[in-house]
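Work through the following exercises with the sequence and the coordinates at hand. Each task is followed by a solution in steps.

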Amino acid sequence: VQLQASGGGLVQAGGSLRLSCAASGSTFSTNVMGWFRQAPGKEREFVAGIRWNSEYQYYADSVKGRFTISRDNAKNTMYLQMSTLKPEDTAVYYCAATAPRPAELDLPRWKNEFAYWGQGTLVTVSS
């Protein structure tokens, strides 16, 4: 599985940005895909996840109501629409995918549960 993230940039507080993650190399019907972020000097943290087959979405509390994760099955691409951005959202954002996990109630949030990672894309939110 190869993942390619894109869409980062500089945005003012209150603004919006959409990240994309193009996936290739395998099928994803029972995978979970997700977004993580890592701010300078901090640990990589979970942002949002989506089960590929059911499109069930789940979020970290810090972004709930502001960020929306989605996927386009035909394009094998995952998105993160970020709105009402805050300076504390500044980080390198990574997309990730698990190995196949068929249980629908399986909603991984720990980075060690994700086997595949894309390169990061930097999001900077100015105040």
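**Exercise 1. Surface and charge**

Task: State the accessible surface of the protein and the share that belongs to carbon and sulfur atoms. Then find how far apart the mean positions of the positive and negative charges are.

Solution: 
- The model is a predicted one. Its accessible surface comes to about 6300 Å².
- Carbon and sulfur atoms account for 50% of that surface.
- The protein carries 13 positive and 10 negative charges.

**Exercise 2. Fold and dimensions**

Task: Count the helices and strands of the protein, and compare its radius of gyration with the globule rule.

Solution: 
- There are 11 strands and 0 helices.
- Read along the sequence, the pattern is accordingly β-β-β-β-β-β-β-β-β-β-β.
- The radius of gyration is 14 Å, and the globule rule gives 14 Å for 127 residues, so the protein is as compact as a globular protein of that length.
- The C-alpha trace spans about 40 × 25 × 25 Å along the principal axes.
- Buried residues, those under 20% relative accessible area, make up 43% of the 127 residues.
- Of the contacts between residues at least 6 apart in sequence, 58% join residues at least 24 apart.

**Exercise 3. The disulfide**

Task: Search the whole structure for disulfides. Which cysteines form a disulfide, and what is the distance between their sulfur atoms?

Solution: 
- The search of the whole structure returns 1 disulfide.
- Its partners are cysteine 21 and cysteine 95, with sulfur atoms 2.2 Å apart. This distance is within the 2.5 Å cut-off for a disulfide.
- Cysteine 21 belongs to strand β3 (residues 17-24) and cysteine 95 to strand β9 (residues 91-97). The two are 74 residues apart, and the pair links distant parts of the chain.
- The angle about the S-S bond is 65 degrees, and the link of cysteine 21 and cysteine 95 is right-handed.
- Cysteine 21 and cysteine 95 are both buried.

**Exercise 4. Threonine 98**

Task: Where is threonine 98 found? Is threonine 98 buried or exposed, and which residues is it in contact with, leaving aside neighbours within four places in sequence?

Solution: 
- Threonine 98 sits in the loop between β9 and β10 (116-117).
- The relative accessible area of threonine 98 is 0%, so this residue is buried.
- With neighbours within four places in sequence left aside, threonine 98 is in contact with Asn31, Val32, Pro108, Glu113, Phe114, Ala115 and Tyr116.

Conventions. Residues numbered from 1 in each chain as written. Predicted model: local features only at pLDDT ≥ 70, side-chain atom pairs only at ≥ 80, totals over all residues. Heavy atoms only, no water. Helix = DSSP H or I, 4+ residues; strand = E, 2+ residues; numbered from the N terminus. Rg over C-alpha atoms; globule rule 2.2 N^0.38 Å. Buried < 20%, exposed > 50% of the residue type's maximum accessible area, 1.4 Å probe, protein only. Contact = heavy atoms within 4.5 Å. Areas by Shrake-Rupley, 256 points an atom, 1.4 Å probe, with all protein chains shown as cover. Lys, Arg positive; Asp, Glu negative; His and termini not counted. Charge placed at Lys NZ, Arg CZ, Asp CG, Glu CD.
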